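Please look over the sequence and structure before reading on.

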Amino acid sequence: MIILDRQHPIRNPDCPAIPQRMDKTIVVADFEFRRDLEKHRAYVRRDGNSAHSEPRWAFDEIVCGSYVVIRFPAGDVKKPEVGRFHSLCQPDMDEIDIVDHFFRRVLEREVDGNGEPARLASWAGHYKDDKVLRRVAMSWGVTLPRQLCNTDARCPLRLDMCEEFFSRAIGGLHLSEFAQGQDLPGKAIPAIQLQKHIVAGNWKVVEEQCAGDVLLTAIL
């Protein structure tokens, strides 16, 4: 009879050490956005029937960003070194402040043991977050960090967890969808409800949602 080992690495703190051949550092990040519907309506009025009816990322303004730095030292380590969770959010910081802080104080400074830039990890960052970050840099003359210069989804300086599990048959999975399948907690509130909290200026709710997505992505 075959006996399956059902130990779960997240639930089992006594799991074997993870052998690391080289020092690695990752920055797990997530962003939340306000959709500028007035700008989209102006675009629809101008382009008429040729306009895309649903507003897309070109009309998104960053209102919150959360991140955590995680280090995987070389050698046999029981667990990675997890830094503090940080959130940058309105009304204290606007879009330019958030992006400038994230680029200059995080992505440009965090390196691994060999001096190489930290890898930027996200869930579905390639589909919107990265694009909006580049748009802000282009609009306001902010220099892009190395992690965002290459637009290829497989850039070695980025890891999009959603892209890793993408298939043409089913597309990309939602973060809460994948988490629920792994018996992990999902989002604090349904994603579809977040926009009303952003419009209402309920920044504590927005910040909790953003930081929760970073925590969940970091676990995965």
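Which element gives the most to the lining of the second largest pocket? The answer is S2, with six residues. The model is predicted, and the points below are grouped by topic.

**Second largest pocket**

- The volume of the second largest pocket is about 840 Å³.
- Its lining is made up of 28 residues, and those nearest the centre are Glu-32, Lys-128, Lys-187, Ala-191 and Asp-213.
- Two or more lining residues come from each of strand S2 (24-35), helix H6 (175-181), helix H7 (194-200) and helix H8 (203-219).
- Sorted by class, the lining has 14 nonpolar, nine charged and five polar residues.

**Aromatic pairs**

- There are four aromatic pairs in the structure.
- One of them joins Tyr-67 and Phe-102, with 5.9 Å centre to centre and 55° between the planes, and is tilted.
- Tyr-67 belongs to strand S3 (residues 60-72) and Phe-102 to helix H2 (residues 95-107), so this pair ties together parts that are 35 residues apart in sequence.
- Tyr-67 is buried at a relative accessible area of 7%, and Phe-102 also counts as buried, at 1%.
- The rings of Trp-123 and Phe-178 form a tilted pair, because their planes are at 35° and their centres are 5.5 Å apart.
- Trp-123 sits in the loop between strand S7 (119-122) and helix H3 (129-140), while Phe-178 is in helix H6, so the pair ties together parts that are 55 residues apart in sequence.
- Trp-123 is buried, with a relative accessible area of 9%, and Phe-178 counts as buried at 17%.
- Phe-31, Tyr-67 and Phe-102 are linked by ring pairs into a cluster.

**Cavities**

- The model has two cavities of 30 Å³ or more.
- The largest cavity holds about 50 Å³ of space.
- Residues lining the largest cavity include Leu-120, Ser-122, His-126, Asp-130, Arg-158 and Asp-160.
- S7 and strand S8 (158-160) are the elements that give two or more residues to the lining of the largest cavity, and S8 gives the most, with three.
- The lining of the largest cavity divides into three nonpolar, three polar and three charged residues.
- The second largest cavity holds about 40 Å³.
- Ala-29, Asp-30, Phe-31, Leu-120, Ser-122, Asp-129, Asp-130 and Leu-133 form the lining of the second largest cavity.
- S2, S7 and H3 each give two or more residues to the lining of the second largest cavity.
- By class, the lining of the second largest cavity has four nonpolar, three charged and one polar residue.

How values were computed: Residues are numbered from 1 along each chain as its sequence is written. This is a predicted model: local features need pLDDT of at least 70, side-chain atom pairs count only at pLDDT 80 or more; totals for chains, interfaces and linings use all residues. Side-chain values use heavy atoms; hydrogens and water are left out. On a 1 Å grid over the protein atoms alone, a cavity is a set of points where a 1.4 Å probe fits but cannot get out, and a pocket is an open set with protein on both sides within 12 Å along at least five of seven lines; lining residues have an atom within 4 Å of a point. Grid points are joined across faces, edges and corners, and a volume is the space filled by probe spheres set on the points. Helices (H or I, at least four residues) and strands (E, at least two) are DSSP runs, numbered from the N terminus. Ala, Val, Leu, Ile, Met, Phe, Trp, Tyr, Cys and Pro count as nonpolar, Asp, Glu, Lys and Arg as charged, and the others, Gly among them, as polar. Rings of Phe, Tyr and Trp (its six-membered ring) pair if their centres lie within 6.5 Å; planes under 30 degrees apart count as stacked, over 60 as edge-to-face and the rest as tilted. Buried means under 20% relative accessible area, exposed over 50%, partly exposed in between (1.4 Å probe, protein chains only).
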